[in-house]
Amino acid sequence: MSDIIQLLPDSVANQIAAGEVIQRPASVIKELVENAVDAGALNIRVLVVDAGRTSIQVVDDGCGMSETDARLAFERHATSKIRKADDLFALHTMGFRGEALPSIAAVAQVELTTRMATDEIGTRLTLQGSRVTGQEPVACPVGSNFKVENLFFNVPARRKFLKSNATELNNILTAFERIVLVYPSINFTFFSNGQEMMNLKAGSLRQRIADVFGKKTSQDLLPLEVDTAFGRITGFVGKPEAARKKGAHDYFFVNGRYMRHPYFHKAVINACERLVPEGMQVPYFIYFEVDPADIDVNIHPTKTEVKFENEQSIWQLLSAAVKDAFGRFCDIPAIDFDTEGKPDIPLFDPQHHAIEMPDVKYNPSYNPFAGHASKSDENYRKGTIAPDWQQLYEPAAAVNSGTAQPTDKELFPEESLVAEKSPVHYQYKGRYIMTAVKSGLMIIDQQRADMRIRYERYLDQMSHSTASTQRLLFPEMVEFSPSENILLQQLLPDLAALGFEISHLGGTSYAINGVPASLEGLHPVSMVRSIVEEAAQGAADAAEALNARLAMSLARYAAIPQGQVLSNDEMEHIVNELFRCSNVNYTPDGRAIICILPQHDIEQLLG
């Protein structure tokens, strides 16, 4: 039998490596921009066409490459970052594997133009599917210009599974933001389809955060800093009032590299758990500076997972730093010394011990149920009660006894869809509606029931465009990050169908001029932010799925809160509306709404 094991061709090996390193256009942006940073660039421009499907271009003014280096850079495991294995534990650069450029060249058509400052003429190199198709000298500025076209042209399955342009552009901006937040001293510019989306000038870290996420986010940040033998922790953590349920900006960086670390995330959450409501999270931008020998970044090709040698010690340092930031910089309500219009409270006089009771004159025979007699009438002076006072309470007594029918037939229908349910309901702990049915005791989660009712109502409004708008007296201004702005642009038509009136002020700023008529009293800015954050959590691109996410987000935000006390009529309305829904048992996200405690179980519990 002949030998069956053989070496794979370089082109195939590069495509296999590209499967892990280059997953989508955002991966190309990440690798090329990180290389530009490692090259010492002070100005980096990124240009994408069709969210990276057609073209990705990264231009920098770094050190550039020689003719030999340009050719060698596209060979597997060719790198200028390390020389030996020990260098893995002394990394000060973003890249080190030597896999990014050959992986990109394996699945795209690449053109590189580069020149070093010491050379008079540069080099242009073209590749297609790992094969060099051309190399020639060319006049060009110092630095490198990478142009990647037709990504995944030779891997149709990977290209087919790319998401919509809006989703891929959002992923690109997310990867771009993770880099620009580490290097505020570098000028970054981002263009999409020829339109400038971000222009970040060199400055301080706080200014960079404001440029990316808006001034409001920057104003809600508290600085933190701690320096110990284990390392240095700096950055910012958000004030308690900046906490969000979803979509909070949480960023960890170690030695200039973005990382995910659930363990350290838990330290931040625990440090502020008594300051923010349960389930909400403050934003944070936290930077670790540790000895490279104490961490291992060589765990995953994306290099977002980092292993720390002293995790427990750093966890305690981080928790203490966050608590210290809250303790030193949290706003404390100031004492109001303005006494204008306030009652005059006399000063305490220790020499005056006797306290005189004020002389109050009153009529001990006064009765509020007295008739319409005048003050001179003998009946008033004697406090007698008018014989017809009971008539005042007859309507209320009739309603309480169930004999009176509600007049608003639309809100309180006479015929319930649950024929055997009791017309009288009981609210338990402000969360559950309890009512007797033929089979036992029915328990309804009032918040989830209202969520289901509103969800189906909003879906119907979007399909028929029947929502009415309540204009705001004063427009509310709201600003988004570039990645959130992409999502909002996609949501605007559906928001208009729901009754929102939102106008674009330019850039990433918007004015909310009106809200759905059924949502008066809710905060418009928080409402729109919540919708955008909910949309960012999903990955579906179909119009129906987008509408469902939007309706679910708005229903979750507008549903009655747990603990709200309801009258019997309000509970009756919720029960009737719930049983008109297409699904009465579960919320749109799959949580149970109703449970029934059978009569037999109740009798067994009572012996």
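Predicted model: local features only at pLDDT ≥ 70, side-chain atom pairs only at ≥ 80, totals over all residues.
Local features need pLDDT of at least 70, side-chain atom pairs count only at pLDDT 80 or more, and totals for chains, interfaces and linings use all residues. Residues are numbered from 1 along each chain as its sequence is written, and side-chain values use heavy atoms, without hydrogens and water.

**View 1. Ser553 sits in helix H16 (residues 543-558).** Helices (H or I, at least four residues) and strands (E, at least two) are DSSP runs, numbered from the N terminus. Ser553 is buried because its relative accessibility is 1%; buried means under 20% relative accessible area (1.4 Å probe, protein chains only). Leaving aside residues up to four places away in sequence, Ser553 touches Ser530, Ile531 and Glu534. Contact means heavy atoms within 4.5 Å. Ile531 is 22 residues from Ser553 along the chain, yet their C-alpha atoms are 5.4 Å apart.

**View 2. Strand E18 (residues 440-445) runs antiparallel to strand E17 (residues 432-437).** Two strands pair if DSSP finds at least two bridges between them. E17 and E18 share 6 bridges and form a hairpin with 2 residues between them. Ala436 has Leu441 in E18 as its bridge partner. E18 also pairs with strand E22 (residues 594-598), in the antiparallel sense, over 5 bridges. There, Ile444 is partnered by Ile594 of E22.

**View 3. Helix H2 (residues 25-38) packs with helix H6 (residues 165-180).** Their axes, lines fitted to C-alpha atoms over the stretch in contact, lie 8 Å apart at an angle of about 25°. H2 and H6 are therefore roughly parallel, a term for angles under 35 degrees between N-to-C directions, on a scale from 0 to 180 degrees. Among the residues that meet are Ile29 and Val33 in H2 and Ile172 and Ala175 in H6.

Methods:
Buried < 20%, exposed > 50% of the residue type's maximum accessible area, 1.4 Å probe, protein only. Parallel < 35°, antiparallel > 145°, perpendicular 65-115°, else oblique.
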